[in-house]
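Please look over the chain below before reading on.

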Amino acid sequence: MGSPASNYANTLPRSPRYESLDLWRCVACLAVVAFHSTAICYESSRSSDLPGLIVALTARGWMGVPIFFVISGYCISATIDAAKGKDRKGRNYFLRRFRRIYPPFWACVGATAAFWGVLAAFGQGRLITGTFGSVPMVPDLSQLTIRQWFGNLALAEMWRHNFDGVAGVM
């Protein structure tokens with residue numbers, strides 16, 4: 001008879017996921033978010049004070065991109081390998097990916113559009129349009145074409161022009 005701890009460990013369901021990979025993907029994503037949120041400040045804060053140190057550290061957050069893609073590539077490969085030999089169709093894989101990616105993305109786009117609309121309704125639309133220093137901000141959303149809206153909502157705007165031949169990346 002084993003110890004209570006070993007009996008408990010044997011009764012836990014075995015998870016095919018590697019929770020530590022989820023943690024590392026989260027760290028990589030947060031590094032990229034920190035990088036983008038402080039990128040404007042980087043050039044103007046090369047000092048030895050604490051804010052300058054924080055900005056200097058977040059300036060290396062771009063390294064989260066290759067880390068995220070390597071881990072995601074492994075996860076996708078592991079999913080495909082686990083499905084090998086089972087009666088699963090490729091379309092089921094893509095449907096699951098679609099359900100996992102697009103609804104949260106569209107919810108964020110909707111919340112952002114609502115926030116932009118509220119700012120515009122209160123005469124504060126200038127807070128998110130125009131430029132911030134030398135960095136261009138969001139353009140007037142009413143100026144986007146139907147093709148640009150579709151490209152953005154389909155997460156395909158950067159390569160949409162390869163299909164319809166119309167430039168205008170947003």
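The model is a predicted one, in which local features need pLDDT of at least 70 and side-chain atom pairs count only at pLDDT 80 or more, whereas totals for chains, interfaces and linings use all residues. Residues are numbered from 1 along each chain as its sequence is written, and side-chain values use heavy atoms, with hydrogens and water left out.

The chain has 7 helices and 2 strands, where helices (H or I, at least four residues) and strands (E, at least two) are DSSP runs numbered from the N terminus. Along the sequence these elements follow the pattern α-α-α-α-α-β-β-α-α. Of the 170 residues of the chain, 16% count as buried; here buried means under 20% relative accessible area, exposed means over 50%, and partly exposed lies in between, with a 1.4 Å probe and protein chains only. Taking the contacts (heavy atoms within 4.5 Å) between residues at least 6 apart in sequence, 43% join residues at least 24 apart.

Helix 3, which covers residues 50-58, includes threonine 58. With a relative accessibility of 15%, threonine 58 counts as buried. Leaving aside neighbours within four places in sequence, threonine 58 is in contact with Ala34, Phe35 and Thr38. With threonine 38 there is also a polar contact between the two side chains, at 2.5 Å; a polar contact is a pair of N or O atoms within 3.5 Å, of which, within protein, one must be able to donate a hydrogen and the other to accept it, and residues adjacent in sequence count only if both atoms are side-chain atoms.

Helix 4 comes next in this reading. Its 20 residues reach 28 Å from the first C-alpha to the last, close to the 28 Å expected at 1.5 Å a residue, the expected span being 1.5 Å times one less than the number of residues. Gly64, Ile71, Ser72 and Cys75 are buried in helix 4. Seen down the axis of helix 4, these buried residues fall within an arc of 100°, so they line one face of the helix; the arc is that of the directions from the helix axis to the C-beta atoms. On the other side of helix 4, Phe69 and Val70 are exposed. Helix 4 is followed by glycine 85, whose phi is positive, near 85°.

Helix 5 spans residues 90-121, and because its 32 residues should span 46 Å at 1.5 Å a residue, the 46 Å between its end C-alpha atoms agrees with expectation. Tyr93, Tyr102 and Leu119 are buried in helix 5, and the buried residues of this helix pack against helix 4 (64-83) and helix 6 (146-153). Tyrosine 93, which has its place in helix 5, counts as buried at 16% relative accessibility. Not counting residues up to four places away in sequence, tyrosine 93 touches Ile76 and Thr79. Although tyrosine 93 and threonine 79 are 14 residues apart along the chain, their C-alpha atoms are separated by 8.9 Å. Glycine 123 follows helix 5 and has a positive phi, near 75°.

Aromatic pairs are the next topic. Rings of Phe, Tyr and Trp (its six-membered ring) pair if their centres lie within 6.5 Å, and planes under 30 degrees apart count as stacked, over 60 as edge-to-face and the rest as tilted. By this rule the count comes to 4 aromatic pairs. One of them joins phenylalanine 98 and tryptophan 106, which are edge-to-face with 5.9 Å centre to centre and 75° between the planes. The rings of tyrosine 102 and tryptophan 106 have their centres 5.3 Å apart and their planes at 45°, so this pair is tilted. Tyrosine 102 and tryptophan 106 are 4 residues apart in helix 5, and are therefore separated by about one helical turn. In general, an α-helix has 3.6 residues a turn, so residues three or four places apart point the same way. Ring pairs link Phe98, Tyr102 and Trp106 into a cluster.

Cysteine 26 counts as partly exposed at 40% relative accessibility, while cysteine 108, at 51%, counts as exposed.
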